[in-house]
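Work through the exercises below with the model in view. Try each task before you read its solution.

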Amino acid sequence: MSEIKLVFDEIKPKKKAPEHLADLTIAERRAKVESLGLPAFRANQIATHYFTHYNEEPNSWSDIPAAMRPLVAEHFLPKLLTPIRQVECDKGKTRKDLWRLHDGVLVETVLMRYKDRTTVCISSQAGCGMNCPFCATGQAGLTRNLTAGEITSQVVAAARACASGELPGGPTRLSNVVFMGMGEPLANYNAVMKSVRNIITPQPDGLGIGARSVTVSTVGLVPGIEKLTSEDLQITLAVSLHTPDDELRDTLVPVNSRWKVKEVLSAADKYVAMTGRRYSIEYALIRDINDQKWRADLLGRLLKNRHAHVNLIPLNPTPGSKWTASRKEDEIAFVKTLEKYGVPVTVRDTRGREIDGACGQLAAANKA
Ligand code: SF4
């Protein structure tokens, strides 16, 4: 328990990240503007530039007096993300960005354009303390929690890339945000929830992305799921289950030794009861580890009367790892078995494989 407690909102940067507009509530933004001797309405202007126009350069804002711009830049929009590397695949429709934060820490985001939507997958922590053995991020351990400003800035950068037509197919709107990059979002609860509010609050005070288009994933931190339930938001909860039995899950997802499969699912059921939102079960299919038919049967029995949808993810192997993706025939049999129980199931497309698309692989490669 002490190990898990350690990663709950307690990992702070060695050198504090500079405070950013996105770290503040609407009331705090106004109060800060006034404390700097500026009229309160400037808070609205700053938020509009940032959340509506995705413009983080006060020097280019003509509605703010030139003499005031350096003050605004310093106190509200310090540069939090420096681009280090950008890698593309799927003819540019999938793009991975590697960012350096103020203290040198590296994080990644992945932007994916589909026919009907554009999704960004963001990081909530630098590294991760959950130690899942099949995951590149887990191997590196946790460096620190990201701030709300650092998390929100990843989304704003993605929204800007979409709006300015950086992806093939012309300008588009960022429609979905998934907290499935580096880190366990519920282990950095406060900053993640502040970011969620920045994402779903209507413009100009937030990005105005619908709550139903935001997904927060967790490996099953039950107190975090309970807190999330009490927020009564319409965001989607994704539980990374990876196996229906505690024996294997204790190994695949070590936090399972604290919260067992039944406890995790029961917390997710309460989320459904409060929000009416179906949750998603994430299941990385790993060859000969968790892809047997009997496990699919067990998962089907566990989920058949629950309001859940299974998202099977063919594992993207990390370099040098013994874990690899399931055989196609085993994947098909797994899907069929779940369908037999009436459990809705989809197989996630494997976007990003050529660009080290599994979480943490790009950051790991850059450190090497
Ligand atoms: S799979 Fe997710 S929770 Fe597990 S170590 Fe990787 S980033 Fe952390």
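**Exercise 1. A residue in a helix**

Leaving aside its neighbours within four places in sequence, which residues is alanine 43 in contact with?

Solution. Start with the ground rules. This is a predicted model, where local features need pLDDT of at least 70, side-chain atom pairs count only at pLDDT 80 or more, and totals for chains, interfaces and linings use all residues. Residues are numbered from 1 along each chain as its sequence is written, and side-chain values use heavy atoms, with hydrogens and water left out.

Step 1: apply the contact rule, heavy atoms within 4.5 Å. Alanine 43 then touches Arg29, Arg30 and Val33, with neighbours within four places left aside.

Step 2: Alanine 43 sits in helix 3, residues 41–52. Helices (H or I, at least four residues) and strands (E, at least two) are DSSP runs, numbered from the N terminus.

Step 3: check its cover. Buried means under 20% relative accessible area, exposed over 50%, and partly exposed in between (1.4 Å probe, protein chains only). Alanine 43 has 6% relative accessibility, so it counts as buried.

Step 4: Valine 310 is 267 residues from alanine 43 in sequence, and their C-alpha atoms are 43 Å apart in space.

**Exercise 2. The whole chain**

Find how many helices and strands the chain has.

Solution. Step 1: take the secondary structure. The chain has 13 helices and 12 strands.

Step 1: For 368 residues, a compact globule would come near 21 Å; the chain has 21 Å, so the two agree. The C-alpha trace spans about 70 × 40 × 40 Å along its principal axes.

Step 2: turn to the inside. Of the 368 residues in the chain, 56% are buried. Take the contacts with a separation of 6 or more: residues 24 or more positions apart account for 68% of them.

Step 3: finish with the surface. The accessible surface is about 15,500 Å², and 52% of this belongs to carbon and sulfur atoms. These areas come from the Shrake-Rupley method with a 1.4 Å probe; for residues, only the protein chains shown count as cover.

**Exercise 3. Around the ligand**

List the residues that surround the ligand.

Solution. Step 1: use the distance rule, which asks for a heavy atom of the residue within 4 Å. Cys128, Met130, Asn131, Cys132, Cys135, Gly138, Gly183 and Val219 surround the ligand.

Step 1: sort the shell. It holds 5 nonpolar residues, 3 polar and no charged. Here Ala, Val, Leu, Ile, Met, Phe, Trp, Tyr, Cys and Pro count as nonpolar, Asp, Glu, Lys and Arg as charged, and the others, Gly among them, as polar.

Step 2: turn to the record. An unreviewed UniProt entry places the feature "binding site" at Cys128, Cys132 and Cys135. UniProt positions follow the numbering used here, feature names are shortened, and annotations may be inferred rather than shown by experiment.

Step 3: examine cysteine 128. It lies in the loop between strand 5 (125–127) and helix 5 (136–140). Cysteine 128 is buried, at 10% relative accessible area. Its contacts beyond four places in sequence are Thr137, Gly138, Gly141, Leu142, Gly183 and Glu184.

Note on methods. Rg over C-alpha atoms; globule rule 2.2 N^0.38 Å.
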